[in-house]
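Visitor: I would like to learn how to read salt bridges, cores and helices in a model. Please take them one at a time.

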Amino acid sequence: MATKTEAAPVDVTEQAQDPMDWIKAHRRLVTGAAVALAVVAGGAWLSVTTAQRKETAAQQALEVARNAFDANNLPGAASEFQRVAQTYAGTRAANEAQIALNQVRMINGQNELAIVSLRELVAANPDPVFAVPAQGLLGAALENVNRPAEAGEAFRRASELARVDYLKAEYLLEAGRAYVAAGQDQKAKEAYEQIVTDYAETPSMTEAQVRLAEVLGGDLSSAPQSLRGGS
């Protein structure tokens with residue numbers, strides 16, 4: 001008769017390891033991780049503090065440039081605006097300075113230089129609060145050098161980026177005018193119709209109606225209902 005095989009004895013000496021034992025055994029690893037976390041936290045704090053100080057200094061420098069502009073010292077203002085844009089690149093003040101610098105350039109007839117600079121600014125995809133006036137200035141500079149078709153596109157882009165209706169409508173008016181000058185009546189018609197349809201409550205509505213009628217040559221059959229007077 002076969003003898004019954006006894007089960008192997010169970011080792012009951014193994015117990016769950018105490019977390020403190022693991023920490024003691026890996027003290028260098030734990031200490032290293034703690035130090036790394038402290039370095040990351042300290043670096044983040046330093047980065048934020050440095051950025052805040054940079055922005056404050058940039059705003060102060062921008063105020064100096066504005067004062068020069070208000071005093072009609074255009075050469076001094078241009079120099080100061082350029083210094084802010086270059087020294088404090090990446091700050092909101094630097095974007096403001098770049099826009100103001102190109103305003104001064106346009107006043108001085110340096111439209112081509114302004115076009116290059118403004119295109120660099122909008123290509124960097126700044127916040128709309130800067131992109132909108134930059135696109136608007138770009139459109140004006142392009143008009144000044146007789147490039148109305150490109151100007152129309154810049155104005156339309158400004159309208160698309162604007163956050164309030166009255167600005168959207170105003171830039172569409174500018175776009176329509178530029179398109180007409182470029183002989184692009186269909187694009188002008190679309191710009192004016194958008195104002196009549198979407199921004200009827202803005203101050204641009206009346207002028208848009210007049211301009212649209214001019215583009216259509218008095219034939220309002222294809223115009224929005226609001227322009228046809230319910231006919």
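Salt bridges, cores and a helix

Guide: Glutamate 214 and arginine 211 are about one helical turn from each other, because they sit three residues apart in helix 10. Helices here are DSSP runs of H or I with at least four residues, numbered from the N terminus. This is a predicted model, in which local features need pLDDT of at least 70, side-chain atom pairs count only at pLDDT 80 or more, and totals for chains, interfaces and linings use all residues. Residues are numbered from 1 along each chain as its sequence is written, and side-chain values use heavy atoms, with hydrogens and water left out.

Visitor: What does glutamate 214 form with arginine 211?

Guide: Side chains of opposite charge can pair when their charged atoms come close. The rule for a salt bridge is a side-chain nitrogen of Lys or Arg within 4 Å of a carboxyl oxygen of Asp or Glu. Glutamate 214 and arginine 211 form such a bridge, with the closest N and O atoms 3.2 Å apart. Arginine 211 has a relative accessible area of 31%, so it is partly exposed; buried means under 20%, exposed over 50%, and partly exposed in between (1.4 Å probe, protein chains only).

Visitor: How many salt bridges does this rule give?

Guide: The count is 14. Within helix 2 (residues 27–70), glutamate 63 and arginine 66 are three residues apart, about one turn of the helix. Their closest N and O atoms are 3.6 Å apart, and they form a salt bridge. Glutamate 63 is partly exposed at 38% relative accessibility, and arginine 66 is partly exposed at 31%.

Visitor: Which parts of the chain does the pair of arginine 119 and glutamate 150 link?

Guide: Arginine 119 forms a salt bridge with glutamate 150, the closest N and O atoms being 2.8 Å apart. This pair joins distant parts of the chain, with arginine 119 in helix 5 and glutamate 150 in helix 7, 31 residues apart. A network of salt bridges links Glu112, Arg119, Arg147 and Glu150.

Visitor: Where is arginine 156 found, and is it buried or exposed?

Guide: Arginine 156 is in helix 7 (residues 148–161). It is buried yet has no salt bridge, and the nearest side chain of opposite charge, glutamate 160, is 4.8 Å away. Lys and Arg count as positive and Asp and Glu as negative, while His and the chain ends are not counted. Beyond its neighbours within four places in sequence, arginine 156 has contacts (heavy atoms within 4.5 Å) that include Leu172, Tyr179 and Glu190.

Visitor: Which residues have the most contacts inside the largest nonpolar core?

Guide: In soluble globular proteins, nonpolar side chains tend to be buried together. A nonpolar core is a set of buried Ala, Val, Leu, Ile, Met, Phe, Trp, Tyr and Cys residues joined through side-chain atoms within 4.5 Å. The largest core has 35 residues, and Ile99, Leu118, Leu138, Leu142, Phe155 and Ile195 have the most contacts inside it. Among the helices that each supply at least two residues of this core are helix 4 (92–107), helix 5 (111–123) and helix 6 (128–144). Another core, of 17 residues, lies apart from it and includes Leu62 and Ala78.

Visitor: Which residues of helix 5 are buried?

Guide: Asn111, Ala114, Ile115, Ser117, Leu118 and Leu121 are buried in helix 5. The buried residues of helix 5 pack against helix 4 and helix 6. Just after helix 5, asparagine 125 has a positive phi of about 55°.
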